[in-house]
Amino acid sequence: MRIKKTRKDIQKKAGKDKENVIEEIKSDFFYNRKYCLAKDIYSATAYDSYTALAMTVRKRLIEKWILTQQRYHDENCKRVYYFSLEFLPGCFLEQNIINLDIADECKKAMEDLGLNLQDIYQEEADPGLGNGGLGRLAACFQDSMATLGIPATGYGIRYDYGIFKQKIKNGYQIELPDEWLKLGNPWEFERPEYTIKVKFYGKTIQNIDRNGKFNVDWVDTRNMLAIAFDVPIPGYKNEIVNNLRLWSARSTDEFDFEYFNDGDYIRACESKINSENVSRVLYPRDDLYIGLELRLKQEYFFTSASIQDIMRRFKMHNSNFKVFPDKVAIQLNDTHPVIAIIELMRILIDEENLGWDFAWEITTKTFAYTNHTIMPEALETWSVLLFGRLLPRHLEIVYEINMRFLREIASHYPHDPARLRRMSIIEEGIDRKIRMSYLAIVGSHSVNGVSELHAELLKTTIFRDFFEFFPDKFNTKTNGITQRRWLRKSNGLLSEFITQTIGDEWVRDLSRVKKLETFVSDSAFRLKWESIKKQNKITLSEFIKSRTGIKVDPESMFDVQVKRIHEYKRQVLFAMYLIAEYLKIKNNMVTNIVPRTAIFAGKAAPGYAMAKLTIKLINNIAKVINNDPDVKEKLKIVFLEDYCVSIAEKIFPASNLSEQISTAGKEASGTGNMKFMLNGAVTIGTWDGANIEIAKAVGEENIFIFGLKSEEIARLRSERYVPREYLNKNPLLKEVVNLLQEDFFSQFEPGIFKAICESLIGHDPYMVFADFGNYIDAQEKVSQAYKNSAGWTKKSIMNTANSGKFSSDRTVAEYANEIWGINV
């Protein structure tokens with residue numbers, strides 16, 4: 001007879017299971033601390049506790065990891081390979097605990113051992129594997145692919161020092177090595193058995209074999225080794241663990257005894273040093289030839305190793321290359337990995353002896369390309385001389401692809417040499433260049449933009465000719481973010497409240513947060529929402545005080561712009577608004593002012609002088625305003641140094657206003673705007689990137705849009721934009737610029753902001769003056785709206801409630817169904 005279990009019986013069993021898990025965690029923790037770290041309760045440091053717990057969690061990942069990878073092999077299923085020069089995952093421990101659904105058990109286990117789980121989390125260093133939105137997008141996609149059950153592997157570089165550790169000294173950005181690996185990384189597994197040889201330099205020899213087949217040998221090369229390091233990426237509560245494989249560069253000749261014995265100790269290690277430089281840092285300076293060469297080496301190093309690795313895995317189960325595109329989908333995250341197209345062609349032709357047409361068919365069916373910018377200077381090009389010196393065989397293949405492609409263009413558009421010049425992969429000139437974005441379009445079956453506006457601009461501006469020729473290749477995949485990190489992990493208070501209100505299905509399906517709309521008119525719900533935001537602001541205020549010494553008021557509006565420092569993102573426009581507010585306060589021009597705390601964070605590329613000068617400007621303005629007794633608590637400015645994922649996780653939950661003020665048409669999508677939205681911040685922004693889709697989702701009453709649209713900017717430029725005219729007709733703008741020109745914010749360093757002023761007055765490439773007046777008006781509307789506490793909270797709730805579209809789960813599902821040929 002079958003005995004029916006009661007609800008009480010089920011709950012009792014669940015409680016027993018939970019107790020067992022807690023005991024297992026404690027047992028594993030003790031074992032790892034003693035036998036893996038050789039520490040006891042007296043000698044263990046706080047970092048040892050982190051490592052012991054990480055290894056405890058890792059054990060649970062490994063079991064699922066092995067089963068997942070074995071299933072992929074057994075099923076010989078189609079796999080997605082995501083190529084990205086950046087991954088910016090953030091700290092792993094807490095996210096892995098959440099995805100494994102053992103957060104409560106870990107907390108209780110650590111409490112039983114006299115340890116605080118939150119304190120343990122703080123011991124983990126952010127992995128230095130990326131810089132900005134590109135790397136963070138790649139990390140969100142890894143989380144979503146695992147959660148959706150997509151067989152996937154991410155490929156990138158295991159940087160020793162990341163991009164750099166940012167310090168602010170006297171307002172200036174100082175770059176220091178980011179030694180994120182100095183204490184080790186418990187989440188990675190070295191795989192020396194999968195070491196791959198990568199070749200550079202040398203020459204090619206052409207020959208005809210005895211069967212009359214034309215062959216090319218790449219000889220006399222200098223080689224280095226790519227060592228694989230694997231990081232497990234778990235899905236959310238689904239038993240699936242995918243893989244992130246990162247390559248570290250090693251020399252084939254670690255040590256030259258001949259030089260050593262002759263007393264030349266530096267030359268004895270020269271090969272090792274030169275090889276390992278390839279995986280030292282992200283984005284070496286490319287304004288120097290040696291840095292440019294190193295960056296090209298990096299891109300080829302990781303793509304060559306990855307393609308060879310994919311080829312090895314494919315040949316384990318398949319012998320017919322006709323099915324290669326049925327088993328392999330490679331997504332190129334921007335132009336950095338585009339050289340992988342040439343590498344696959346080289347291997348198919350030179351090593352697998354396939355004919356050109358067959359190899360090209362396989363290649364174009366395998367690759368898909370995501371473009372992330374329409375800015376010409378960001379569309380990667382390589383000098384033919386440099387490329388040919390470093391990769392002579394690959395240059396020959398590029399020439400062949402270009403010749404065949406131009407022949408095809410000429411047959412469709414006869415007597416149109418201008419079109420041939422425009423569409424050629426090789427840009428002619430004194431220094432001939434390879435246009436990598438053009439190669440990506442020609443060599444891929446899909447080309448996607450990352451927002452509706454961005455995709456349209458690709459088709460109508462920079463890639464117009466290609467869209468006319470390949471209309472079916474172009475599509476839109478609006479970016480997204482993973483709610484599991486950017487709400488469930490980073491905003492525990494709000495996450496818990498949402499779950500209590502509508503259940504926890506939103507963690508897997510973000511569209512469920514739409515249910516929150518029904519509570520907008522509930523005053524008790526709004527008060528709780530407000531109190532959570534207030535608590536998050538208090539937490540951030542304490543963090544700001546500990547990092548900068550600046551005391552900020554949690555009651556003030558937290559007005560935030562955190563992102564990579566670049567002229568098109570217009571941190572200068574936000575800074576000029578703050579100067580304008582300062583002038584109003586000093587001149588007693590406003591009553592009942594809304595107190596604001598302006599928060600900046602972000603890094604400037606080491607070789608980008610104007611971006612670094614912008615950081616100096618912000619810090620100098622902050623120093624003057626924060627120390628002016630007339631201002632007091634009405635306005636504070638903070639620049640948080642060394643912006644990273646962990647700092648972002650503190651900022652987004654506490655933000656009231658999200659500054660998304662890029663020049664219209666320049667921001668491909670943005671994902672910071674989505675993170676702010678998810679956490680209930682209201683956006684002030686231009687009609688640009690994903691701001692447009694956010695505005696459509698939340699309604700115009702819940703966002704503040706200002707400024708010229710992309711088509712208006714294009715028209716203004718065509719009619720000859722004169723920034724000085726805007727300066728002369730706006731007294732407030734003129735007064736702001738006068739303060740900069742008169743060194744009001746740089747009395748001890750006169751003239752340092754001359755370059756910024758000359759750029760703005762002379763040509764203002766990013767339309768700061770043109771949008772200034774409209775921006776000031778929009779900010780005034782923000783202030784008036786913020787005074788109505790209930791109304792502002794409604795806007796906040798509506799932003800979170802309508803963020804469902806912007807989950808990376810939705811984005812990745814679209815890639816899978818529409819590009820990769822995998823049904824989700």
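Which residue lies over the face of Tyr 413, and at what distance from the ring centre? In this predicted model, Arg 419 takes that place, 3.9 Å from the centre of the Tyr 413 ring. Tyr 413 also belongs to a cluster linked by ring pairs, together with Phe 405, Tyr 438, Phe 463, Phe 466, Phe 469 and Phe 470. A further charged residue, Lys 537, lies over the face of Phe 558, at 4.8 Å from the ring centre.

The count of aromatic pairs comes to 38, and two of them are set out here.

| Pair | Centre to centre | Angle between planes | Arrangement |
|---|---|---|---|
| Phe 200 and Tyr 300 | 5.6 Å | 80° | edge-to-face |
| Tyr 582 and Phe 744 | 6.3 Å | 40° | tilted |

The pair of Phe 200, in strand S5 (residues 189-200), and Tyr 300, in helix H9 (residues 289-317), links distant parts of the chain, 100 residues apart, and both Phe 200 and Tyr 300 are buried. Because Tyr 582 lies in helix H22 (residues 571-586) and Phe 744 in the loop between helix H29 (731-741) and helix H30 (754-762), their pair ties together parts that are 162 residues apart in sequence. Tyr 582 counts as buried at 3% relative accessibility, whereas Phe 744, with a relative accessible area of 29%, is partly exposed.

Helix H3 (residues 93-100) is mostly covered, with 8 of its 8 residues buried, among them Glu 94, Gln 95, Asn 96 and Asn 99. The elements that cover these buried residues include helix H2 (46-75), helix H6 (133-147), strand S8 (222-234) and helix H19 (483-489). Just after H3, Asp 101 adopts a positive phi of about 60°.

Methods
Residues are numbered from 1 along each chain as its sequence is written. This is a predicted model: local features need pLDDT of at least 70, side-chain atom pairs count only at pLDDT 80 or more; totals for chains, interfaces and linings use all residues. Side-chain values use heavy atoms; hydrogens and water are left out. Buried means under 20% relative accessible area, exposed over 50%, partly exposed in between (1.4 Å probe, protein chains only). Helices (H or I, at least four residues) and strands (E, at least two) are DSSP runs, numbered from the N terminus. Contact means heavy atoms within 4.5 Å. Rings of Phe, Tyr and Trp (its six-membered ring) pair if their centres lie within 6.5 Å; planes under 30 degrees apart count as stacked, over 60 as edge-to-face and the rest as tilted. A charge sits over a ring if NZ of Lys or CZ of Arg is within 6 Å of the ring centre and within 35 degrees of the ring normal.
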